[in-house]
Amino acid sequence: MKVFGYIPKDTPVHKLTGASKLILTFALSIAAMITFDTRFMLFVIVISFVLFSISGIRFSDFKAILALLILFMIVNNIAIFLFAPEQGVLIYGTRHEIMHITGRYSVTSEQLFYQLNVTLKYFAIVPVALVFFLTTEPGEFASSLNTIKAHYKVAYAVSLSLRYIPDIQRSYREISQAQQARGINISKKASIRARIAGILTILFPLVFSSLDKVELISNAMELRGFGRLNKRTWYSTRPFTVWDYIITGFSILCILLSVFTIIINGGRFYNPFV
Amino acid sequence: MSKTSPLIEFVDFTFQYRAQKRPTLYDINLKIYPGEKILIAGPSGSGKSTLGSCLNGLIPFNYTGKINGKSTICNQAPVSIFQLSEFVGSVLQDTDAQFVGLSSGEDIAFSLENKARPTVEMKERVLEVAKLVGASEYLSHSPQRLSGGQKQRVSMAGVLIENSPILLLDEPLAALDPSTGKYAIELIDDIANKTGCTVIIIEHRLEDVLWRHIDRVVLFNNGRIVADSSPDEIVASDKLISIGIRRPLYVSALDRAGIEITAEKKPGRIDTIKLTDNEKVKVQEWVHTALPDSGAEDSISGKNTPLLEAKNVSFVYNENNKEALKNISFKLYSGEMTAIVGANGAGKSTLAKMIVGFEEPAGGDILYNGESMKELTIPERAERIGYVMQNPNQMICKPMIFDEVALGLRARGVAENEIAERVEKVLDICGLTRFIKWPISALSYGQKKRVTIADALVLEPQIIILDEPTAGQDWRHYTDIMEFLASLNRQGVTVLMITHDMHLCLEYARRALIFSDGELLADKPVYEILSDPALAARANLRETSLYELSNICGIEDSASLVRAYINNESSGGKK
């Protein structure tokens, strides 16, 4: 079972601090949310893919997530078309019909262009987020969240849950094996109903044995002084390098640029139809 | 020592958990002086761990209850967990659960992070402490990937970094194999000597802790202190047996040889014990008379088809190649009670998982009654070979005992009236009949263990495999579980136990398969293994103190003392 998470490598992207990568991820997400300017998003996508290729992440490291994402994208696109087939026309103010389907549904250039922009947003944000997840040591994760002003308890909770995912996966596997021996069938041969019932049976011991652990960990943490002060420092904090400052500066620039596109476009959309 | 004032003092201290009817600790009067090394021993539920929680502040700040009397630690009354954590560094029982850092270095630094110390200072301190315990080489490794001994060092370093004057260790040996446990005790001793801190060890494995010098042993039973004196006096007294703590093995052997144990003989440790020449001769004579007639043992081997046979089985782990197995071959005959032993990660559990079908062998074959099991599914194998996990909480799925045991039969579509019959029968065998209508949550750990054994037995397998059946159990519970397994064995169930408990091997297994680094090192009668130091060391076991005793008594063939002891055991020498 492959765990989705940090993959240690020695690339310039890995050497960046978690904080600067997180800032970049947030900045690009905000920027891509603010504007629908196609040119700007293409620019962000290029940046994302450059980072992605520098980081040395292989296709196999994220293919499961990618499949999920593409599925989501397709569903999203279909849904937009079903519920708002004339959204593009509404936004861009012109109507170039390509073909009529049925009733109120017809394909227009404006709708296609609008949905292309929606899709581009995914491609702009997801690669950077993946880069952050796959190139940041979970230990640094918490400290980076803390850097961008999340309370350290929240930050620690996030990183601790990431840290326990492999543990929980392992006990799920062990428990499910033992239950299979007793005859609980969760293989593809069983009916959906039997599989769901089987999985519920496995969850019972999984939840209870995990709860025991939670108590243990929280005691252990408290005995070592977790939560005594309103702030804390991080062993894994690394000092910002020149590149971290460059990335942070670039992040701010991206947000400014996206705001700038709104001004020159006179709205959130870039309109090639007029 | 009496001139200095005590570092820890309990005066007429009584504690009652909020949810309980009676106090867990009664009238505790205890003084611990600076620099002492104290062992707090007692059976499960005796209150020894509760006392530990009173020391580090989990009581009363996380677990509330009623306190009478007073306690002072470093001349202060407890105010908060954080205040106490300045004085008492606690290493919890389960080091795995205690690790919060993603790397060893980060974990060691944890308490300094919480004090908001600058990163640069932390790095220096971490390195300093890591050097003290010998962990500086793997600061960047994930604690989960470390070996048992390395984990101990990291968790100790994480506590030592605070420089607290008191070090409290709650059952430090629970999850360790014998040689790692021995090493942990040496490490604790070493740290105590280097730092001069006061050490309090809570543990029921008395003999293992007494491997190094201990100033005082405080015995707990039923919430009260029943003895507080030197190891020599404790070992010589009959208190240990009466409260259900195992005496050191060499003491039991001397006792069986008819030698009176007194505190003057310094029996606290095997290397301090003084025996007269007369007594040594007496031991030799006992060995001679207690030895079994030659040929009486080892009558298991090769007459008929083995019930289970592994032929050149190998296994390759897809991740990091740990727990791989190379060319394993052995035979298990009907009616045997055999142990699989070896260090953590030697491949014992992998082997068991292949036998029951959870894992696929990369090569070789496993035969049941002479037929390959390759085509059998996991549930089909479970009707031949039952498997019981170490932690019963990971197996139990139903809130009621009857439903829990019936689960395997219901999944197989057996008729309800037959289910009732079979469940009742198996509950009877497991001594659980009177609990048939009970919820699982009302059972003790040992009873839950029996329920999981019943889960496996209800499918009527010929063989039952148990992963660490006695892990973390005190002597009384250990004896309960093992006597139960022995009685199952007498009723015809073949038992295969994965363990690193040498007492278990010694007392209950005839034969042992020894694993080390994925290889089957030896397949021998237990007494041969336990008296072969070289073999024991390779398997992360330890030669038992019987081996040292035979050296002291001038018995050349140390295996003979072990054999005499085992024989005496099975012929009713047990108290």
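In chain B of this predicted model, residues 24 or more positions apart account for 69% of the contacts with a separation of 6 or more, a contact meaning heavy atoms within 4.5 Å. In chain A, among contacts between residues at least 6 apart in sequence, 74% join residues at least 24 apart. Because the model is predicted, local features need pLDDT of at least 70 and side-chain atom pairs count only at pLDDT 80 or more, whereas totals for chains, interfaces and linings use all residues. Residues are numbered from 1 along each chain as its sequence is written, chains are lettered from A and ligands numbered from 1 in the order in which they are written, and side-chain values use heavy atoms, with hydrogens and water left out.

Chain B contains 24 helices and 19 strands; helices (H or I, at least four residues) and strands (E, at least two) are DSSP runs numbered from the N terminus. The radius of gyration, taken over C-alpha atoms, was set against a globule rule of 2.2 Å times the number of residues to the power 0.38. For the 575 residues of chain B, a compact globule would have a value near 25 Å, and the 25 Å of chain B agrees. Along the principal axes, the C-alpha atoms of chain B fill a box of roughly 70 × 60 × 50 Å. Of the 575 residues, 57% are buried, where buried means under 20% relative accessible area, exposed over 50% and partly exposed in between (1.4 Å probe, protein chains only). The accessible surface of chain B comes to about 23,100 Å², and carbon and sulfur atoms hold 47% of it; areas come from the Shrake-Rupley method with a 1.4 Å probe, and for residues only the protein chains shown count as cover. The mean positions of the 63 positive and 76 negative charges of chain B lie 3 Å apart. In this count Lys and Arg are positive and Asp and Glu negative, with His and the chain ends not counted; the place of a charge is NZ of Lys, CZ of Arg, CG of Asp or CD of Glu.

Within chain B, helix α1 (residues 48-56) is largely enclosed by the rest of the structure, because 8 of its 9 residues are buried. Among these buried residues are K48(B), L51(B), C54(B) and N56(B). Helix α1(B) is followed by G57(B), which has a positive phi near 95°. Elsewhere in the chain, D557(B) occupies the loop between α23 (545-552) and α24 (558-573). D557(B) counts as partly exposed because its relative accessibility is 45%. D557(B) and H503(B) are separated by 54 residues in sequence and by 20 Å in space, C-alpha to C-alpha.

Chain A has 10 helices and 2 strands, in the order α-α-α-α-α-β-β-α-α-α-α-α from the N terminus on. Its radius of gyration is 24 Å, whereas a compact globule of 274 residues would have one near 19 Å. The C-alpha trace spans about 65 × 55 × 35 Å along its principal axes, and 45% of the 274 residues count as buried. Chain A exposes about 14,200 Å², with 73% supplied by carbon and sulfur atoms. The mean positions of its 27 positive and 14 negative charges are 4 Å apart.

In helix α2 (residues 18-34) of chain A lies S29(A), which counts as buried because its relative accessibility is 13%. The side chain of S29(A) reaches the backbone oxygen of T25(A) at 2.6 Å. A polar contact is a pair of N or O atoms within 3.5 Å; within protein, one atom must be able to donate a hydrogen and the other to accept it, and residues adjacent in sequence count only if both atoms are side-chain atoms.
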